[in-house]
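Reader: I would like to go through this model term by term. Please give the value and the cut-off each time, and then the conclusion.

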Amino acid sequence: MDYFKNLSLLNANKFVNDENINRPLYELKNNIDYLLQFVDGNKTLLSGVFGNLLDFNKEGRRITFNGGKFDSYKKVHLWTAYDKLEVSNDKDLFWDSDNKRLVYSGVESSTVSRSKWFEREIFIPENLRDQHLIFAIKASGCQQKFNWTENNFVCEDIAIEILGPELNVKKVVSVGKWENHGYFENFPVYSPKMITQIIPFKTSKFTDHVRIKIYRTVNENYLHVDKMYLGLPTISYFNNSHKYEIKKIDINEFFDFDNNCTKLGASHVLGHKVPDVLKNIVGNDLMTWYYFNIVLRNLMYKSSFLKSGSNNNFDILNENELDIDNMLDIEHVQGVINCNTNKRIYTVNHLNLDKSIFKVRLVTVETPWNSQMGIPPVEYEQIYATICNIQDSSFQVVLSDFPPTDGYKIHWFLGNIFSPKKFIQSLSLPTIQNSPPFCIDKNIIQNDYNSLFNYEQLNG
């Protein structure tokens with residue numbers, strides 16, 4: 001209440017002077033300084049402060065809003081296409097306005113000293129120098145100039161060069177359709193089903209800008225780029241202790257391109273992370289659905305019986321080491337016997353099942369009375385059954401009384417109710433490739449990899 005009692009009108013003649021008029025600005029500056037000091041001590045928030053660096057030009061001036069999403073002609077042509085060091089945006093760089101994508105032609109038959117590429121030069125803020133950053137691109141080849149679809153896609157390799165960090169990066173990656181996109185990502189929210197490639201690099205203390213150059217390695221079709229991201233990784237795949245290669249992640253996991261803000265991954269909390277392989281899991285790691293499936297499959301595998309001569313190593317962790325084909329399929333047989341009114345003992349003959357399988361024998365007696373018809377008359381009283389005289393290929397069923405009328409049935413089951421092999425097979429996992437295959441001749445990559453980037457050095 002004291003706060004409201006002391007409130008009064010603020011006007012030009014009262015409480016306004018050169019000291020208190022600047023008080024809000026002073027407090028705002030203190031808050032900003034406090035946040036930056038906190039960020040200096042906690043690198044987790046850096047990615048949220050700077051966001052996608054593609055919004056800035058090489059001088060550090062913000063020139064776009066949401067620069068990694070190609071929803072305008074301007075954003076596409078912030079990138080410069082070159083043909084023998086001459087700007088070729090008019091013939092090589094296009095904007096797919098309907099689908100909000102950058103389209104690059106850059107057709108050239110040579111894979112040695114490639115003279116066609118498109119590039120941008122990006123400012124690196126002082127706080128992000130001497131840091132691990134990533135460049136992410138979600139793209140695919142396409143047979144058509146516009147309107148990429150899952151039917152007209154083409155898998156192709158693109159070469160990416162990052163100049164200016166601590167060590168220059170030269171890497172060839174494959175882009176195209178991601179078959180398992182819906183299993184790993186929130187498709188269709190993260191559509192289209194294109195492969196995201198992530199190129200990590202580290203800036204030096206003196207890196208004030210980096211230059212991103214992208215080359216095609218084929219002489220046909222078009223390269224469609226859906227989105228790009230440049231900045232700090234927003235999930236803890238890169239830190240002082242864990243530097244895993246990021247795979248099977250959509251670019252939308254790093255940045256919210258609809259709201260133009262960075263996503264801070266839950267794996268930052270208390271150092272939690274997703275392990276690179278199952279055998280490297282430690283106590284505080286995140287358990288993904290994929291790993292959960294593998295753990296269940298391992299547990300079922302270890303508790304099952306294997307055929308003689310198969311892999312009996314009970315410390316198996318890798319999915320490709322499970323010898324599922326040589327697991328014994330749990331056998332079972334079952335049947336129905338119609339009862340007679342003058343007979344209490346019935347013999348069940350069956351196949352001689354494998355003795356290594358735990359046998360379960362179950363019998364139930366079915367009455368002819370429909371339970372939905374209410375309370376059965378006295379002559380339909382429940383009759384119970386017991387098992388006796390168990391042999392390898394037969395056993396006997398003894399009823400507690402003679403059936404009072406026709407229609408009683410004995411249902412019998414022999415074998416195992418639960419099958420570990422069928423359980424494992426029911427946990428269907430998608431076919432997962434650790435990394436997309438190269439789409440072109442591997443000899444080009446092996447023999448002419450570095451020569452792809454030589455044109456500017458030789459002719460610049």
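Reader: Where does Thr203 lie?

Author: Thr203 is in the loop between S10 and S11. Helices (H or I, at least four residues) and strands (E, at least two) are DSSP runs, numbered from the N terminus. The model is predicted: local features need pLDDT of at least 70, side-chain atom pairs count only at pLDDT 80 or more, and totals for chains, interfaces and linings use all residues. Residues are numbered from 1 along each chain as its sequence is written, and side-chain values use heavy atoms, with hydrogens and water left out.

Reader: Why is Thr203 called buried?

Author: Buried means under 20% relative accessible area, exposed over 50%, and partly exposed in between (1.4 Å probe, protein chains only). Thr203 has 0% relative accessibility, so Thr203 counts as buried.

Reader: Which residues does Thr203 touch?

Author: A contact means heavy atoms within 4.5 Å. Leaving out residues up to four places away in sequence, Thr203 touches Ile124, Leu128, Arg129, Asp130, Gln131, Leu133, Pro165 and Glu166.

Reader: What does the side chain of Thr203 reach at 2.8 Å?

Author: At 2.8 Å the side chain of Thr203 reaches the backbone nitrogen of Asp130. The side chain of Thr203 also reaches the backbone oxygen of Leu128, at 2.9 Å. A polar contact is a pair of N or O atoms within 3.5 Å; within protein, one must be able to donate a hydrogen and the other to accept it, and residues adjacent in sequence count only if both atoms are side-chain atoms.

Reader: What makes Asp130 and Lys202 a salt bridge?

Author: A salt bridge is a side-chain nitrogen of Lys or Arg within 4 Å of a carboxyl oxygen of Asp or Glu. For Asp130 and Lys202 the closest N and O atoms are 2.5 Å apart, and the pair forms a salt bridge. Asp130 is in the loop between S5 and strand S6 (132-142) and Lys202 in strand S10 (residues 195-202); these distant parts of the chain are 72 residues apart. Asp130, at 31% relative accessibility, counts as partly exposed. Lys202 is partly exposed too, with 23%.

Reader: How many salt bridges are there by this rule?

Author: The count comes to 19 salt bridges. One of them joins Lys69 and Asp258, N to O at 3.4 Å.

Reader: Are Lys69 and Asp258 buried or exposed?

Author: Lys69 has 17% relative accessibility and counts as buried. Asp258 has a relative accessible area of 62% and is exposed.

Reader: What makes Arg211 and Glu119 a salt bridge?

Author: Their closest N and O atoms are 2.8 Å apart. Arg211 counts as buried at 18% relative accessibility, and Glu119 counts as buried at 9%.

Reader: Why is strand S12 described as largely enclosed by the rest of the structure?

Author: Nine of the ten residues of strand S12 (residues 222-231) are buried, so S12 is largely enclosed.

Reader: How many bridges join S6 to S12?

Author: Nine bridges join S6 to S12, and the two run antiparallel. Strands pair if DSSP finds at least two bridges between them. S4 and S12 are joined by three bridges and also run antiparallel. Leu223 in S12 stands opposite Tyr104 and opposite Gly141.

Reader: Why are S2 and S9 said to stand at the edges?

Author: The open sheet has six strands in the order S2-S1-S5-S11-S8-S9, with antiparallel pairing. Strand S2 (86-87) and strand S9 (169-175) each have a single partner strand, so one side of each is left without a neighbour in the sheet.

Reader: What is the average pLDDT of the protein chain?

Author: pLDDT is the predictor's confidence in each residue, from 0 to 100. The protein chain averages 77, and 67% of the residues score at least 70. Among the elements, helix H9 (residues 442-448) has the lowest mean pLDDT (51) and strand S4 (residues 101-104) the highest (97).
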